[in-house]
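Biologist: I am new to this structure and would like to get my bearings. Please walk me through it, one question at a time.

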Amino acid sequence: MNTVISYLFGGDNLYLQGGGNGGGNGGGVKKSQKEEIATKIKNITEEDAIRDYEKLKHADLNKITNETRTGNKFVDHFTFLERLETVSKKGMSYFEFIKDTEYHKKRYIQNLLNYQKGEDKHVALYRVFKLHCGSIGLFKPLTAMELYNKFKPNTVLDFTMGWGGRLVGACVLDIPKYIGIDSNKQLKEPYNKMVKLLKNQGTKTKIKLMFKDALKVDYSKLDYDCVLTSPPYYNLEVYTGTKSKN
Ligand SMILES: C[S@@+](CC[C@H](N)C(=O)[O-])C[C@H]1O[C@@H](n2cnc3c(N)ncnc32)[C@H](O)[C@@H]1O
């Protein structure tokens, strides 16, 4: 049993060092370390993201299935790290999970890790995290596109915009306007980068983003004809800046 622990954790204490990134759920792991870990799990370059966006533009919406993942890489290129910060139904984020070496000694966790000997340790641990703690959901750009195609909105209001799937879907289809709101201020920087790339890719969608509590927005001042969102799942996922509701 200890062999697996030392195989996975021995020598490299990348995520066991002190520090914090000022607000995330996985305090104790530095932001640069978190970025490194996120890249180990999903190494999606800007070129990969652009290629994925191009594929999305040519996607045949009549042929997509639950397994079709086109567009997810584009979203993950910007916001995957924040998904790793999100506390899952087992009460911990991925960054907390990887620090809890006592927890890893549980037999079923050990068995799951054992099966993956030889694999990159973060790839292996993330699989275990998803199986054991539940994965943090991603609303696919393709799903948003299907809905926009059906309802042909002029302006979409998304008051808990999350990881960006509905914004990306709107931009691919050049929906005239997208208004996004989210209380997680750590999403501001990734969204700024995402919007920049979407504009560079030539979208005609006008984008208005607000990083504030959706309950404090005066909706009478906003003009919209479609609401599409993915609200918080009570305690199944707890996001940076929100509190668990016990
Ligand atoms: C279910 S998640 C969306 C994730 C979704 N599965 C996706 O792929 O985009 C809900 C989002 O609501 C945000 N949120 C929670 N409470 C909020 C509030 N009071 N006002 C605005 N946003 C809020 C969270 O920060 C989170 O990004």
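Modeller: Gladly! One definition first: a residue is buried if 20 or more other C-beta atoms lie within 10 Å of its own, exposed if 12 or fewer, and partly exposed in between. Please also keep in mind that this is a predicted model.

Biologist: How many of the residues of H4 are buried?

Modeller: Helix H4 covers residues 72-85. This helix is largely enclosed by the rest of the structure, because the buried residues of H4 number 14 of the 14.

Biologist: At which residue does H4 bend?

Modeller: H4 runs over residues 72-85, and its bend is about 70°. The residue where that bend sits is Thr79.

Biologist: How are H4 and H11 oriented to each other, roughly parallel or roughly antiparallel?

Modeller: H11 spans residues 188-200, and its axis lies 9 Å from that of H4, at an angle of about 165°. An angle over 145 degrees is the cut-off that matters here. H4 and H11 are therefore roughly antiparallel.

Biologist: Which residues of H11 make the contact with H4?

Modeller: The two helices pass each other in a left-handed crossing. H4 brings Phe78, Thr79 and Glu82 to the contact, and H11 answers with Pro190, Lys193 and Met194.

Biologist: How many charged residues does the contact of H4 with H11 have?

Modeller: Sorting the residues of this contact by class gives three nonpolar and one polar. Glu82 of H4 and Lys193 of H11 are both part of the contact, and the count of charged residues is two.

Biologist: How does H2 lie against H4, roughly parallel or roughly perpendicular?

Modeller: H2 covers residues 31-41, and its axis comes within 10 Å of the axis of H4, crossing at roughly 105°. Angles of 65 to 115 degrees are the range to compare with. H2 and H4 are therefore roughly perpendicular.

Biologist: Which residues of H4 meet H2?

Modeller: By class, this contact has four nonpolar, no polar and two charged residues. From H2 come Lys34, Glu35 and Ala38, and they meet, in H4, Phe80, Leu81 and Leu84.

Biologist: Is Ala49 buried or exposed?

Modeller: Ala49 is found in helix H3, which covers residues 46-57. Its contacts beyond four places in sequence are Ile44, Lys73, Phe74, His77 and Leu197. Because Ala49 has 20 C-beta neighbours inside 10 Å, it counts as buried.

Biologist: How far apart are Ala49 and Asp76 in space, C-alpha to C-alpha?

Modeller: Along the sequence, 27 residues separate Ala49 and Asp76. In space, their C-alpha to C-alpha distance is 8.4 Å.

Biologist: Among contacts between residues at least 6 apart in sequence, what percentage joins residues at least 24 apart?

Modeller: Ala49 and Asp76 showed us two residues 27 apart in sequence with their C-alpha atoms 8.4 Å apart. Over the protein, the share of such contacts that join residues at least 24 apart is 72%.

Biologist: How does Leu112 count, buried or partly exposed?

Modeller: Leu112 sits in H7, and beyond four places in sequence it is in contact with Val128 and Leu131. Its C-alpha atom is 8.5 Å from that of Ala124, twelve residues away along the chain. Because Leu112 has 19 C-beta neighbours inside 10 Å, it counts as partly exposed.

Biologist: Which loop holds Lys152?

Modeller: Lys152 has a positive phi, near 45°, in a residue other than glycine. With 10 C-beta neighbours inside 10 Å, Lys152 counts as exposed. Its loop is the one between helix H9 (141-151) and strand S1 (155-158).

Biologist: What is the phi of Asp174?

Modeller: Asp174 lies in the loop between helix H10 (165-172) and strand S2 (177-181). It counts as exposed because it has 10 C-beta neighbours inside 10 Å. Although Asp174 is not a glycine, its phi is positive, at about 55°.

How values were computed
Residues numbered from 1 in each chain as written. Predicted model: local features only at pLDDT ≥ 70, side-chain atom pairs only at ≥ 80, totals over all residues. Bend = angle between axes of the 7 residues up to and from the residue. Helix = DSSP H or I, 4+ residues; strand = E, 2+ residues; numbered from the N terminus. Axes fitted to C-alpha atoms, helices over the stretch in contact; angles between N-to-C directions. Parallel < 35°, antiparallel > 145°, perpendicular 65-115°, else oblique. Left-handed = near helix turned anticlockwise from the far one by under 90°. Contact = placed C-beta atoms within 7 Å. Nonpolar A, V, L, I, M, F, W, Y, C, P; charged D, E, K, R; others polar.
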